[in-house]
Amino acid sequence: MSASQPPQPSPSPGLPDSSRVGGEPQRHSDDSLREGDVPVPSVDDAPTLLVKIFGKDRPGITAGLFDTLAAYSVDVVDIEQVVTRGRIVLCALVTSPVAGGTTEGDLRATVHSWADSLKLQAEIISGTGDNRPRGYGRSHVTVLGHPLTAESTAAIAARITSTGGNIDRIFRLAKYPVTAVEFAVSGTGTGELRTALATAAAEIGVDVAVVSAGLSRRAQRLVVMDVDSTLIQDEVIELFAAHAGCEDKVAEVTEQAMRGELDFEQSLHARVALLAGLDVSVVDKVRAEVRLTPGARTLIRTLKRLGYQVGVVSGGFTQVTDDLKERLGLDFASANTLEVVDGKLTGRVVGDVVDRAGKARLLRSFAEQAGVPLAQTVAIGDGANDLDMLNTAGLGVAFNAKPVVREAAHTAVNVPFLDTVLYLLGITREEVEAADGLVD
């Protein structure tokens, strides 16, 4: 070696030269080695052993297995462990032994002896290399069931397979208020998978969400919700109408809008006109009557503690949404404003009307103010006037929505718990409870 050449790293035991794969330096996607980089070892052609341990879980099993393997100077290529109802499955993929004078047979005998001493079962499988690379189109498939049956799980798994997808991993996100499990899937496009599973979900009565894997899922840092029949269980205009004694007339106008005889803005003006003369003191009564949707507080509290920004947009009224913003600690809120003159409602709204297009426009505005790309936003709503907003967001969630909305949204949730949306973001029930333990 000449004096001008730096010393080369020694090969890892039992592996090819760690600085070279197939005779060439390991390179980044830009085809250049960067100063200070440590080349990535390759085990593609190296002999490896898959060590699997099964049995009753107890403290010390993982440490004990690897202490046993350490005597053979093996390297850990992969490791995974799961505990279900007190039973452990521990898998370790390691290189073949290279310690002086030892053989694979010695390792097998020692591991089996150790496992027998703890009344565990061991299985050791010889092979070559690491796990095969996952296919393209990686996705997360979240399934919500209340309950989640074996029949529905089989149907979802079969539909994934029918698209050419492979299930790489499954784990449970939550056991209450619904059972939520997540499938890590590769080998098929997210859009194709979403379309196939939407049909299956409707047929078998479960909720399924399909989102692309990657950092962007965890980076969705703005959640914007509709209010009436989403954040709250009520329709605010109906609460006001009850105090004005015109519930039937308001319902009639609503039916006209649903039949397509009036657009949203026309129906809003027609319904608000029926409130003319109502004393402004009724606002406090309506605020007191508003019922939050089950799970709403948990959803917002958890999102806020995890660093998300949260907002609401509503075709209802600021007289209610401003109160909700203060009570729930929301970052953004926008709605229509009832005009008040001399302590009475005039039967008119002031300012721009928040309609279907307005909700999407406000989502964009909130995202800009929050410094969050639209691709990293989540929108939740139940009605046709939420569709533009749902389709504008990176993830649109139809919550207990009408069929036309469920079909058009990215995903649908049909259980009455708003906090189940957290599972669609990959947040587990344990993380929710941990967030609840934080001091604000």
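Biologist: Hello! Where is P177 found in this structure?

Modeller: P177 sits in the loop between β8 and β9 (179-186). Strands here are DSSP runs (E, at least two residues), as are helices (H or I, at least four), and both are numbered from the N terminus. This is a predicted model, in which local features need pLDDT of at least 70, side-chain atom pairs count only at pLDDT 80 or more, and totals for chains, interfaces and linings use all residues. Residues are numbered from 1 along each chain as its sequence is written, and side-chain values use heavy atoms, with hydrogens and water left out.

Biologist: What makes the peptide bond from Y176 to P177 cis or trans?

Modeller: Its omega is near 0°, and that bond is cis. Another cis bond joins H146 and P147, where omega is about 5°. P147 belongs to the loop between β7 (139-145) and α3 (150-162). Such bonds deserve a note because most peptide bonds are trans.

Biologist: And what about R85: is its phi positive or negative?

Modeller: Positive, near 45°, in a residue other than glycine. Most residues other than glycine have a negative phi. You will find R85 in the loop between β4 and β5 (87-95).

Biologist: What makes R169 and E80 a salt bridge?

Modeller: The term asks for a side-chain nitrogen of Lys or Arg within 4 Å of a carboxyl oxygen of Asp or Glu. Here the N to O distance is 3.2 Å, so the pair qualifies. R169 lies in strand β8 (residues 166-174) and E80 in strand β4 (residues 76-84), so the bridge ties together parts 89 residues apart in sequence. A search of the whole structure gives 14 salt bridges.
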